[in-house]
Amino acid sequence: MAATGVKRRPPRPAPPSSGGMVRKLMLALAVFLPALLYQQLHPLPPKICGSPGGPPVTATRTRLQDGRHLAYLESGVPKDKAKYKIIFVHGFDSCRYDALPISPELAQDLGIYQLSFDRPGYGESDPNPDHKEKSIALDIEELADNLQLGPKFYLIGFSMGGEIMWSCLKHIPHRLSGVAILGPVGNYWWSGLPSNVSQHAWNQQLPQDKWAVWVSHHLPWLTYWWNTQKLFPASSVIAYNPALLSEEDKLLMTKFAFRPYMPQIRQQGQHECLHRDMIVGFGKWSWSPVELEDPFAGGEGKVHLWHGVEDLIVPVSLSRYLSEKLPWVVYHELPKSGHMFPLADGMADLIVKSLLLGEQPSQAS
């Protein structure tokens, strides 16, 4: 006879096996961690000027054959009345507004036209995802042709733009009337550099900059993460570390650090300008400036190299060595100057007169 008044409890569900939970957790991690790692290592797409959601186009621009645009700025006398046509190539974390500050009086007296432009990824120039050390030289040549500057022109480059001058001497020497290289960045892995020279220059850097440069050369795919993570100090140049300023630079930095257009410089994404600069500038080149031959062997032009002895951003020792190995380079060493010497009062005019007229400034040794 069955018992009455007794309720049977429903059977309890069996607990999930620990093995099943582990498998699900491992599967979730296998999906989540690579996605997180990719997000950390891979930069966001660039905010291209004129694209939906991107910054507006406000500059005068020219279209290159591959469809990219370069933004540019003209100064000095009109190009159709100019005796001398100069293209200025800006440095790291800069743009077309950072042209060499040639005095209006000298520009008028000598008939100087100056063209400055945003290098790819900076300001309002489209990024170049295939940027190589050669590509910027070809961009400059095409820019000159688009603006009808004629068969030859002068070049002046500062800092990272100074390093680009070596590429122009390599790839477009037939287009050049003369070149001024100002405080150029050097690549510690250029072939032909004696180990003691490259090592001495290498050791002039702050430890965090050694790491940042090393990563950009050996692990370029890690450059974005390295310079945006917050775990440890990255590039002190990007951070504007005052420890990199010489006494003269501290006085000149007010002209550079508080530029009203600074937000425009990185507006398309700092990977497309700053990081690509590092990857290319400190990357693996198939040739070295040490191997260059005199592009003006016939005496129709000169290459001038300027460097400040007190430069704490770009060590002077590489420029010294290159000037010794390339006797056709006119070397100007400034004993009391740092990296920002082109901004010193009157210095731009001295540089230009040396390049165009062959005048030897008394300040240089």
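**Close-up views of a predicted model**

**View 1. The largest cavity has a volume of about 80 Å³.** The model shown here and in the other views is predicted. Rolling a probe the size of a water molecule over the atoms shows where empty space is left. The lining of the largest cavity consists of His-131, Glu-133, Ile-136, Met-160, Glu-163, Ile-164, Ser-167, Asp-277, Val-280, Gly-281 and Trp-285. At least two lining residues come from each of helix H4 (160-171) and helix H11 (270-281). Helix H4 provides the largest share, with 4 residues. By class, the lining has 5 nonpolar, 3 polar and 3 charged residues.

**View 2. The largest pocket has a volume of about 670 Å³.** Its lining comprises 40 residues, and those nearest the centre of the pocket are Val-237, Leu-244, Ile-313, Val-314 and His-339. Helix H6 (207-218), helix H9 (254-257) and helix H12 each contribute at least two residues to this lining. The largest share, 3 residues, belongs to H6. Of the lining residues, 25 are nonpolar, 11 are polar and 4 are charged.

**View 3. Helix H5 (residues 195-202) packs with helix H12 (residues 317-325).** The axes of these helices lie 9 Å apart and form an angle of about 155°. Angles over 145 degrees count as roughly antiparallel, and H5 and H12 are therefore roughly antiparallel to each other. On the H5 side, the contact is made by Val-197, Ser-198, His-200 and Ala-201, and on the H12 side by Ser-317, Leu-318 and Tyr-321. This contact includes 4 nonpolar and 3 polar residues, but no charged residues.

**View 4. An open sheet is formed by 8 strands.** Strands of a sheet pair through backbone hydrogen bonds, either parallel or antiparallel. Here the pairing is mixed, and the strand order is S1-S2-S4-S3-S5-S6-S7-S8. Strand S1 (60-63) and strand S8 (329-334) are the edge strands, each pairing on one side only. From one strand to the next, the twist averages 25°.

**View 5. Strand S1 runs antiparallel to strand S2 (residues 69-76).** The two strands are joined by 4 bridges. Thr-62 stands opposite Leu-70 of S2.

**View 6. Helix H13 (residues 347-357) packs on the sheet.** The strands touched by H13 are S3 (84-89), S4 (112-117), S5 (153-158), S6 (176-182), S7 (303-308) and S8. The direction of H13 makes about 155° with that of S7.

Terms used:
Residues numbered from 1 in each chain as written. Predicted model: local features only at pLDDT ≥ 70, side-chain atom pairs only at ≥ 80, totals over all residues. Heavy atoms only, no water. 1 Å grid on protein atoms, 1.4 Å probe; cavity = no way out; pocket = protein on both sides within 12 Å on 5 of 7 lines; lining within 4 Å. Points joined across faces, edges and corners; volume = space filled by probe spheres on them. Nonpolar A, V, L, I, M, F, W, Y, C, P; charged D, E, K, R; others polar. Axes fitted to C-alpha atoms, helices over the stretch in contact; angles between N-to-C directions. Parallel < 35°, antiparallel > 145°, perpendicular 65-115°, else oblique. Contact = heavy atoms within 4.5 Å. Pairing = 2+ DSSP bridges.
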